[in-house]
Amino acid sequence: MTNSNSCWAVVPAAGVGKRMQADRPKQYLPLLGQTVIEHTLQRLLGSGAFQAVSVAISVEDPYWPELPISQNPAVITAPGGKERADSVLSALKALEGKAHEDDWVLVHDAARPCITSGDIQRLIASLAQHPVGGILALSSHDTLKQVEGDQIVATINRQQIWRALTPQMFRYGMLRQALQNTEGNPAVTDEASALELLGFRPSIVEGRPDNIKITRPEDLELAAFYMEQQA
Ligand code: C5P
């Protein structure tokens, strides 16, 4: 394998975010004077790590064209898909002819606006020589229980359990192939799982706990708090 240093960002942003119970998808909710997705994209672009950012947007999305950042020459818009993995694959296809097979791609959720340049740079530096790639992840501080109904049936060894965050970093060609080969498989809930199903062993790189995913209404206030702390 050649050692390409070129990096591209892929941002799935075609979800509806039902758990937010808002009048619009969560990536368009206001956060410190901007929308969530503007923060996310500005942080990716501001890291200086990427040739371009390919963003998957629902074809029925009326909010995206209204944002000035959608016109940024370093931002490529691709049609979103039914599931997150479909959106990621679509955004990868939009890089065809630009990204080389062995270029790195960092996939990052639109709904994670607190990502820092430091975490992006550390992930890239840690995995630069890795044969497969890997992801930012967090260890668990709580004791973990396996349950059936409301009954505990086992205590899980937390040393072996990590929470998968984004960005997730893989080679362009390998990731595209993995997502194509696992298309429609409900077990593919992130990029790493597509590679795992094909027998690869991605690495983990410890990430920051403030890289939260906006999921529930109260997460917006928490994200604002973290962003102010980071500033
Ligand atoms: O719903 P969840 O928080 O897991 O979504 C993670 C990311 O994947 C979000 O940024 C969301 O917009 C994106 N997504 C997508 N296409 C889908 C579903 C989710 O791009 N069909």
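Colleague: Against which elements do the buried residues of α3 pack?

Modeller: In this predicted model, helix α3 covers residues 117-127. Contact here requires heavy atoms within 4.5 Å. On that basis, the buried residues of α3 pack against α1 (36-46) and against the strands β1 (7-12), β6 (104-107), β7 (133-139), β10 (162-171) and β11 (203-206).

Colleague: Within what arc do the buried residues of α3 fall, seen down its axis?

Modeller: The buried residues in α3 are D119, I120, L123, I124 and L127. They line one face of the helix, because seen down the axis of α3 they fall within an arc of 130°.

Colleague: Why would one expect residues three or four places apart in an α-helix to point the same way?

Modeller: The reason lies in the helical repeat. Residues three or four places apart point the same way because an α-helix has 3.6 residues a turn.

Colleague: What radius of gyration does the protein chain have, and how does this value stand against that of a compact globule?

Modeller: The C-alpha trace spans about 50 × 45 × 35 Å along its principal axes. For 231 residues, a compact globule would have a radius of gyration near 17 Å. The protein chain agrees with this, at 17 Å.

Colleague: What percentage of the residues in the protein chain is buried?

Modeller: A residue counts as buried under 20% relative accessible area. Of the 231 residues in the protein chain, the buried share is 48%.

Colleague: How far apart are the mean positions of the positive and negative charges of the protein chain?

Modeller: The protein chain carries 20 positive and 26 negative charges. The distance between their mean positions is 3 Å.

Technical notes: Residues are numbered from 1 along each chain as its sequence is written. This is a predicted model: local features need pLDDT of at least 70, side-chain atom pairs count only at pLDDT 80 or more; totals for chains, interfaces and linings use all residues. Side-chain values use heavy atoms; hydrogens and water are left out. The radius of gyration is taken over C-alpha atoms; the globule rule is 2.2 Å times the number of residues to the power 0.38. Buried means under 20% relative accessible area, exposed over 50%, partly exposed in between (1.4 Å probe, protein chains only). Lys and Arg count as positive and Asp and Glu as negative; His and the chain ends are not counted. The place of a charge is taken as NZ of Lys, CZ of Arg, CG of Asp or CD of Glu. Helices (H or I, at least four residues) and strands (E, at least two) are DSSP runs, numbered from the N terminus. The arc is that of the directions from the helix axis to the C-beta atoms.
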